[in-house]
Amino acid sequence: MSSPPEPPFISMHTTVVLLTSVVIGLVVGGLTFLSDFSAPGAVLAGLGATGLSVPVLRSLIR
């Protein structure tokens, strides 16, 4: 007898939400760096955009 297949580590919905939020964070961080030429400010802006986009994307992507 074969055992039942293992469930995936994370769901497809979670993967899409997290990858999309990372892309948004990279874009915001890159644009912030190009406008200010400040690496710490760009990192903070990118991390903030990534964190804030997760709940919004979670509710939008179904």
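**Figure 1. Helix H1 is followed by Phe 37, a residue whose phi is positive, near 55°.** The model shown here, as in every view below, is predicted. Phe 37 adopts this positive phi of about 55° although it is not a glycine. Its place is in the loop between helix H1 (12-36) and helix H2 (39-60). Phe 37 is exposed, because its relative accessible area of 61% exceeds the cut-off of 50%.

**Figure 2. A nonpolar patch on the surface includes Phe 37.** The patch is formed by Val 23, Val 27, Leu 31, Phe 33, Leu 34 and Phe 37. Together these residues have about 620 Å² of accessible area. Phe 37, the loop residue between H1 and H2, takes part in the patch with a relative accessible area of 61%.

**Figure 3. Helix H1 spans residues 12-36 and carries buried residues that pack against H2.** H1 has 25 residues and reaches 36 Å from its first C-alpha to its last. This reach is close to the 36 Å expected at 1.5 Å a residue. The buried residues of H1 are Val 17, Ser 21, Gly 25, Gly 29 and Thr 32. An α-helix has 3.6 residues a turn, so residues three or four places apart point the same way. The buried residues of H1 have H2 as a packing partner.

**Figure 4. Met 12 is an exposed residue of helix H1.** The relative accessible area of Met 12 is 65%, which means that Met 12 lies over the 50% cut-off for an exposed residue. A separation of 21 Å lies between the C-alpha atoms of Met 12 and Leu 26. These two residues are 14 residues apart along the chain.

**Figure 5. Helix H2 contains a kink of about 30° at Val 54.** The kink lies shortly before the proline Pro 55. H2 has 22 residues, and from its first C-alpha to its last it reaches 31 Å.

**Figure 6. The buried residues of helix H2 are covered in part by H1.** The buried residues of H2 are Ala 42, Gly 46, Ala 49, Thr 50, Ser 53 and Leu 57. What covers them includes H1, and the buried residues of H1 in turn pack against H2.

**Figure 7. Ser 53 of helix H2 is in contact with Ser 21 and Ile 24.** These contacts leave aside the neighbours of Ser 53 within four places in sequence. Ser 53 is buried, because its relative accessible area is 9%, under the cut-off of 20%. Ser 21, one of the contact partners of Ser 53, is among the buried residues of H1.

**Figure 8. Leu 60 lies in helix H2 and is exposed.** Its relative accessible area is 64%. The C-alpha atoms of Leu 60 and Val 17 are separated by 9.4 Å, and the two residues are 43 residues apart along the chain. Val 17 is one of the buried residues of H1, whereas Leu 60 is exposed.

Key: Residues are numbered from 1 along each chain as its sequence is written. This is a predicted model: local features need pLDDT of at least 70, side-chain atom pairs count only at pLDDT 80 or more; totals for chains, interfaces and linings use all residues. Side-chain values use heavy atoms; hydrogens and water are left out. Patches are made of residues with over 30% relative accessible area and no salt bridge: like charges are joined within 9 Å, nonpolar side chains (Val, Leu, Ile, Met, Phe, Trp, Tyr) within 5 Å. Accessible areas come from the Shrake-Rupley method with a 1.4 Å probe; for residues, only the protein chains shown count as cover. A salt bridge is a side-chain nitrogen of Lys or Arg within 4 Å of a carboxyl oxygen of Asp or Glu. Helices (H or I, at least four residues) and strands (E, at least two) are DSSP runs, numbered from the N terminus. Buried means under 20% relative accessible area, exposed over 50%, partly exposed in between (1.4 Å probe, protein chains only). The expected span of a helix is 1.5 Å times one less than its number of residues. The bend at a residue is the angle between axes fitted to the seven residues ending there and the seven starting there. Contact means heavy atoms within 4.5 Å.
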